[in-house]
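Please look over the structure below before reading the points of this note.

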Amino acid sequence: MKISDIEIDEFTYELEDIGNSHGHQVYDPGNTLETPGFILTIRTADGLEGTYRSITYARSMITHIEMAASEFLIGRDPLEREGIWQDIWRGLRHSDHMGLGPIDIALWDLAGKYYGESISALLGGYRTELPAYASTFFVDEAPDGLSSPEAFADFAEECLDRGYPAFKLHGHPDGRPESDIELCRAVSERVGDEMDLMLDPASNYETYMDTLEVGRALDEFGFYWYEDPMSDTGHSMTLSKTLTRELRTPLLGLEHVRSGPFGRVDHMAAEAVELVRADVHQDGGITGVLKIARAAEAFGLDVELHLGGPATMHCMSAIRNSNYFEHALVHPQDVNWMNQKAFVSDVESVSDDGTVTVPDGPGLGVEIDREYVEARRTGRTLIDSTSEGEAV
């Protein structure tokens, strides 16, 4: 069995009532963002195929997939995922490996369909229900949005009533430490005894003293974790080691570092991180995340998976040392950030007890809404042994 062709279907989707602020998406009533997406299909000569639907960074991922497809995929046995992963990891070493995740996930989907099993089953997964935390939008300026400490506290209470066991705040999009402290204080006073609470400044704080001040406040409030706070974006082991020494609140890091399992092991060995981020979309797919998770397990650390989607669910089902599924991004006005429209059904429906269910069909266990993609298509590229990337 050999890979015969790779197809990339590009499309756009609309995010209604969402705008941009300081590089982050926020609730913005009346505004609509048109966002690029793509469907990757890896196909064999006998018609077996695996697919991946993008969630973030579509343009850079498409570029890297096109770079890797002819050299590392065409003519290969699609079941040799590890060999393909190693070749692409080395081949994309100058470009942050952004195309590797989609390729690897599509190959796992193909393998599941070949064997007639879910990816979870192929991984030895044993968890079918995953506890989810509500991961909020950033602070906005709308009167009916997340524009004040009271609004965040009200929404945290609403999420508690919905069944979520945990709640993560994204603070002000331009990094305002004092404002973020007041948000966390309000939420802690309202639901801190009933929910695990997290703060994700998304690398927005510019100075160490600001970062330390917020961290000490989280210590006081009893927060569950403190995530990627400073503008080094998690690269500095010296900074992270200092924070882990000075703060009681566990430091979650490396979401913004594309070093795969190798750089993460360096951080773990240096005691520069206490909870380890991994992302199936950006960290080398399912294969890459499992490498990170097993390394963290050997160090006695937990790995927390970034963002959602079915591939994340399948991975988490087979990882012991992981606590929560990120249900992102949520808002009191129920705006849609994840673009579930490209799937036939909502794969991230949260139950009354705050869990999401791992799909149990073959492969990823989800169906792409091809009619939706076709209606919004902006381009299609077919790569095979002769075309090597022709737009069709």
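Predicted model: local features only at pLDDT ≥ 70, side-chain atom pairs only at ≥ 80, totals over all residues.

1. Residues are numbered from 1 along each chain as its sequence is written, and side-chain values use heavy atoms, with hydrogens and water left out.

2. The largest nonpolar core contains 58 residues, and Ile-6 and Leu-40 have the most contacts inside it. A nonpolar core is a set of buried Ala, Val, Leu, Ile, Met, Phe, Trp, Tyr and Cys residues joined through side-chain atoms within 4.5 Å. Apart from it lies another core, of 53 residues, including Phe-167 and Trp-337.

3. Ile-105 lies in helix α3; helices are DSSP runs (H or I, at least four residues), numbered from the N terminus. Ile-105 counts as buried because its relative accessible area is 1%, where buried means under 20%, exposed over 50% and partly exposed in between (1.4 Å probe, protein chains only).

4. Ile-105 and Arg-294 are 189 residues apart in sequence, and their C-alpha atoms are 18 Å apart in space.

5. Helix α3 covers residues 100–115 and includes Tyr-115. Is Tyr-115 buried or partly exposed? With a relative accessible area of 48%, Tyr-115 is partly exposed.

Methods
Helix = DSSP H or I, 4+ residues; strand = E, 2+ residues; numbered from the N terminus.
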